[in-house]
Amino acid sequence: MDILKDTTLPQGWIIPDEKVKRALEKELTTEVGPEHVLYKKNCTTFTRSEYSDDVIYLVHEDSVKFAFVHLTFSSKQEIHSTCPYTKISEDFVKVIEGEVA
């Protein structure tokens with residue numbers, strides 16, 4: 001995807017290989033429940049933190065958005081709408097730097 005071709009990731013963030021991307025997408029689908037903002041959304045893995053369970057997904061809607069998600073790796077659907085913790089923005093830099101309100 002050329003959307004971020006000139007973007008440099010901060011230290012500690014990596015582009016996972018395809019197998020890891022699919023596993024992270026499966027975990028996201030498993031964790032989000034009907035009340036979660038990403039429920040049934042078309043999300044693909046973009047980058048993940050090497051040091052935590054944080055993942056940034058591309059959310060494919062009318063325009064591409066970025067979702068910062070702290071996965072729980074519970075391998076089950078979370079019951080609260082706030083789990084897994086998620087922040088969404090159209091601004092990649094704000095998402096990766098944690099500046100999204």
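This briefing describes selected features of the structure shown above. The model is predicted. Its largest nonpolar core is made up of eleven residues, and a search of the whole structure finds zero disulfides.

**Nonpolar cores**

- The eleven residues of the largest nonpolar core include Leu24, Leu28, Leu38, Cys43, Val59, Ala67 and Leu71.
- Helix H1, strand S3 (54-60) and strand S4 (64-70) each supply at least two residues of this core. The largest contribution, three residues, is that of S3.
- Another core, of nine residues, lies apart from this one, and among its members are Phe46, Ile56, Phe68 and Phe92.
- Val59 belongs to strand S3 and counts as buried, because its relative accessibility is 2%, under the 20% limit for a buried residue.
- Leaving aside neighbours within four places in sequence, Val59 is in contact with Leu38, Lys41, Asn42, Cys43, Val64, Lys65 and Ala67.
- The C-alpha atoms of Val59 and Pro84 are separated by 15 Å, and the two residues are 25 residues apart along the chain.

**A buried charged residue**

- Glu27 is located in helix H1, which covers residues 18-31.
- Although Glu27 is buried, it has no salt bridge. The nearest side chain of opposite charge is that of Lys26, 7.8 Å away, whereas a salt bridge requires the charged atoms to be within 4 Å.
- Not counting residues up to four places away in sequence, Glu27 touches Leu71, Phe73, Ser74 and Ser75.

- Cys43 takes part in no disulfide, and the nearest cysteine sulfur, that of Cys83, is 17 Å away. This distance is too far for a bond, because a disulfide requires two cysteine sulfur atoms within 2.5 Å.
- Cys43 is buried, at 12% relative accessibility, whereas Cys83 is partly exposed, with a relative accessible area of 24%.

**Ser89 in strand S5**

- Ser89 is part of strand S5, which covers residues 85-89. At 16% relative accessibility, Ser89 counts as buried.
- The side chain of Ser89 reaches the backbone nitrogen of Asp91 at 3.0 Å.
- The C-alpha atoms of Ser89 and Val64 are separated by 9.2 Å, and the two residues are 25 residues apart along the chain.

**Backbone features in the loops**

- Most residues other than glycine have a negative phi, and most peptide bonds are trans.
- The peptide bond from Cys83 to Pro84 is cis, with omega near -5°. Pro84 is found in the loop between S4 and S5.
- Ser75 also lies in the loop between S4 and S5. Its phi is near 60°, a positive value in a residue other than glycine, and at 55% relative accessibility Ser75 counts as exposed.
- Lys40 lies in the loop between H1 and strand S2 (43-49). Phi of Lys40 is likewise positive, near 60°, and Lys40 counts as exposed at 70% relative accessibility.

Conventions:
Residues numbered from 1 in each chain as written. Predicted model: local features only at pLDDT ≥ 70, side-chain atom pairs only at ≥ 80, totals over all residues. Heavy atoms only, no water. Helix = DSSP H or I, 4+ residues; strand = E, 2+ residues; numbered from the N terminus. Buried < 20%, exposed > 50% of the residue type's maximum accessible area, 1.4 Å probe, protein only. Lys, Arg positive; Asp, Glu negative; His and termini not counted. Contact = heavy atoms within 4.5 Å. Core = buried A, V, L, I, M, F, W, Y, C linked by side-chain atoms within 4.5 Å. Polar contact = N/O pair within 3.5 Å; in protein donor to acceptor, adjacent residues only side chain to side chain.
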